[in-house]
Amino acid sequence: YSSYRTRLKFDPTYNASFVGDVQLTMLTVDPRFSRIIIPLKAVFSLFSIILLIVFIWSIKRTGGLTDWEWEQRAAVVLLIGLLCFNNPLYSFEYIDNNWFLILLGSLLELVFDCAIFLFWLFSIEKIRNDETKMTLEFKNLPKLAVVLIYAILSFILYTWSSVREKLVPVWSISEQVTGIQVLFYLVVLFFIGIISWFVVLLSLTLPVVSKREYLRPRFVFLSVPTIICILSLLIGVFNGAIGPFGRETDLTIYY
């Protein structure tokens, strides 16, 4: 737009008989981010739906759900999580600036985060124990608990920062709130802790894989893309491209 019309209103509870010079500051966001991220989200959402349908249709020929291996079941969950991560409703956040859509987008993104974290931890554990079936045992409860705590803290962080930015629409105002900053670093701590946990399990699995050659394809198929993804995520976190802050950067579009 070439011109803007604004309405200025002074707080009536502010007891002042005279108002001097007033300086107004207008903050804007680079529109290139929105122009790129909206079509990308739409394309990736459509691709996720097609991929999910094709995978389920092809895997049904191998038998019923009870005959599926752990990796096959996990792949369905990850594809559903990928669809959540791409968020088919993302463009509606620009049409209707509704707090529900913002919170729903954060929740859908966390679904994918938790799904992929649990997949990493459970899969590497099963390779180490040479298992192919999914069984919920007591030893798996710590993994579920840590990822659940991470999800709860992350949802509170996203909710808090999103609501505050909606009430106080100044770009990056959330970064000035100490509580949000502390919560952000706590979430990052859990994030790094989960990744470190996976790296430890990965190192413990190496001796087992070296003695059993038939486990090597599963190990390589899991570890190589996971390591690339982890390095990408760590770079994104420390560069401010992932999380509730700095999401207008070009790096966010890449991640």
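**From surface to aromatic rings**

V19 is partly exposed, with a relative accessible area of 45%, where partly exposed lies between buried (under 20%) and exposed (over 50%), using a 1.4 Å probe and protein chains only. This is a predicted model, in which local features need pLDDT of at least 70 and side-chain atom pairs count only at pLDDT 80 or more, while totals for chains, interfaces and linings use all residues. Residues are numbered from 1 along each chain as its sequence is written, and side-chain values use heavy atoms, with hydrogens and water left out.

V19 is found in the segment before α1 (31-59), helices being DSSP runs of H or I with at least four residues, numbered from the N terminus. Together with L8, F10, V22 and L24, V19 forms a nonpolar patch on the surface, with about 500 Å² of accessible area in total.

Seven aromatic pairs are found in a search of the whole structure, a pair being rings of Phe, Tyr and Trp (its six-membered ring) whose centres lie within 6.5 Å, stacked if the planes are under 30 degrees apart, edge-to-face if over 60 and tilted otherwise. One of them, edge-to-face, joins F117 and F191 at 5.7 Å centre to centre, with 65 degrees between the planes. This pair links distant parts of the chain, as F117 in helix α4 (residues 99-129) and F191 in helix α6 (residues 178-211) are 74 residues apart.

Technical notes. Patches are made of residues with over 30% relative accessible area and no salt bridge: like charges are joined within 9 Å, nonpolar side chains (Val, Leu, Ile, Met, Phe, Trp, Tyr) within 5 Å. Accessible areas come from the Shrake-Rupley method with a 1.4 Å probe; for residues, only the protein chains shown count as cover. A salt bridge is a side-chain nitrogen of Lys or Arg within 4 Å of a carboxyl oxygen of Asp or Glu. Helices (H or I, at least four residues) and strands (E, at least two) are DSSP runs, numbered from the N terminus.
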